[in-house]
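User: I'm new to this one and would like to get my bearings. Can you walk me through it?

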Amino acid sequence: MAINNSINQYLIKHGFEAFHPKAVLFDMDGVLYDSMPHHVIAWQRSMAQFGIHMTEEDAYATEGARGIDTIRQMVRRQKGKDITLDEAQRMYDVKSRLFHEMGETAIFDGVIDLMRKIRQHGMTVGVVTGSGQKPLINRLLTDFSEFLDESHIVTAYDVRKGKPAPDPYLMGLRKCGNLHPWQGIVVENAPLGIRAGVAAQCLTVAVNSGPLPDDVLRQAGADVLFHKMADLAIAFEDIINV
C-alpha cells in the first residue's frame, strides 16, 4: 500500500494520468557498485594535492555530478576563483588515477536479480552516470553484458549540464527509446541524482547505501526509498504492477 500511495502521489505531482514503466535508469556509483568509500578516499587525497579540503560529506553530497563540475565548485568556494574546464580535468585525472589504484569494488547484492527481473518484464536497463572514465564504462559492459549495451549508457560527456539538472536522465530516456518521463524509473543514492531524476519527471527511487540521513534523500524529492538494492529487487514487481 505504501508503494501504491507513493506512485499515486508521483502521478499527481507531475500531472500524469498513468505510470507505464519501460526502462530503469540506474546511477552507477553507490547504486550498482559499492564504490563510494573508494571515491571518498580518492577525492580527499587528490584534492589535498591542490590545496582543496574535501570531507566525506562533500563527496557524498556531490556524488552523481560531473567530476569537473564538482572540482570547479570546490575551487570557487575555497579559493574564490574560477578555473577552466581543462584545469578541472587535469585535477580530475589525478582523482581518477588514485581511484583505479585501489582496485575494483563489489557489485551490490540484489543488482543482478533486479536487472534480470527488469528484462523478464520486457523493460530496458540503462545507466546514467556522472563519470566519463572509460575503464568504468568498460566494466559496466563486462559485468552487465547480459542486460546492458553501450547505447543505453549516459556518461558525463553526453550532456552539457550534469546532475542535478534533468539533462542526464532526459538523455537516458532518449537512449532507451525516446520514452516519456512516466515510462522511466530512476534509481539513485545521492541528493544531486535524485534531484535530477525528479527534474526529469521520472519516478525516482532512492537507495540509501551511504551515510546520509534518509531525510536528506526525501527532501531531494525521492518518491520511494529503500536501504538496500536487494530490498528494491524484492519490491520491484510491486512498483511496476501498481
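This is a predicted model: local features need pLDDT of at least 70, side-chain atom pairs count only at pLDDT 80 or more; totals for chains, interfaces and linings use all residues.

User: How many bridges join S4 to S5?

Analyst: Strand S4 covers residues 184-188, and S4 and S5 run parallel. The number of bridges joining S4 to S5 is four.

User: Now a loop residue. Is Thr-129 buried or exposed?

Analyst: Thr-129 sits in the loop between strand S2 (124-128) and helix H7 (134-143). Setting aside neighbours within four places in sequence, Thr-129 touches Asp-27, Met-28, Ile-137, Val-154, Thr-155, Ala-156 and Lys-163. The relative accessible area of Thr-129 is 4%, and the cut-off for burial is under 20%. So Thr-129 counts as buried.

User: How far apart in space are Thr-129 and Met-28?

Analyst: Along the sequence, Thr-129 and Met-28 are 101 residues apart. Even so, Met-28 is among the contacts of Thr-129. Going C-alpha to C-alpha, the distance between them is 5.7 Å.

User: On to the helices. Are H6 and H11 roughly parallel or roughly perpendicular to each other?

Analyst: H6 (residues 111-120) and H11 (residues 229-240) pack with their axes 8 Å apart, at an angle of about 20 degrees. Angles under 35 degrees count as roughly parallel. H6 and H11 are therefore roughly parallel.

User: What is the handedness of the crossing of H6 and H11?

Analyst: On the H6 side, the contact uses Val-111, Leu-114, Lys-117 and Ile-118, which meet residues of H11 including Met-229, Leu-232 and Phe-236. Sorted by type, the residues of this contact are eight nonpolar, no polar and two charged. As for handedness, the crossing of H6 and H11 is left-handed.

User: How does H4 sit against H5, roughly parallel or roughly perpendicular?

Analyst: H4 (residues 67-79) packs against H5 (residues 85-101) with the axes 9 Å apart and an angle of about 105 degrees. Angles of 65 to 115 degrees count as roughly perpendicular. So H4 and H5 are roughly perpendicular.

User: How many residues in the contact of H4 with H5 are charged?

Analyst: From H4, the residues taking part are Gly-67, Ile-68, Ile-71, Arg-72 and Val-75, and they meet Leu-85, Ala-88, Gln-89, Met-91 and Tyr-92 in H5. Seven of the residues in this contact are nonpolar and two are polar. The number of charged ones is one.

User: H2 packs on H5 too. What is the handedness of that crossing?

Analyst: H2 (residues 36-48) and H5 have their axes 8 Å apart, at an angle of about 135 degrees. That makes H2 oblique to H5. The residues of their contact divide into eight nonpolar, three polar and two charged. H2 passes H5 in a crossing that is right-handed.

Definitions and conventions. Residues are numbered from 1 along each chain as its sequence is written. Side-chain values use heavy atoms; hydrogens and water are left out. Axes are lines fitted to C-alpha atoms, for helices over the stretch in contact, and angles run from 0 to 180 degrees between N-to-C directions. Helices (H or I, at least four residues) and strands (E, at least two) are DSSP runs, numbered from the N terminus. Angles under 35 degrees count as roughly parallel, over 145 as roughly antiparallel, 65 to 115 as roughly perpendicular and the rest as oblique. A crossing is left-handed if the near helix is turned anticlockwise from the far one by less than a right angle, and right-handed if clockwise. Contact means heavy atoms within 4.5 Å. Ala, Val, Leu, Ile, Met, Phe, Trp, Tyr, Cys and Pro count as nonpolar, Asp, Glu, Lys and Arg as charged, and the others, Gly among them, as polar. Two strands pair if DSSP finds at least two bridges between them. Buried means under 20% relative accessible area, exposed over 50%, partly exposed in between (1.4 Å probe, protein chains only).
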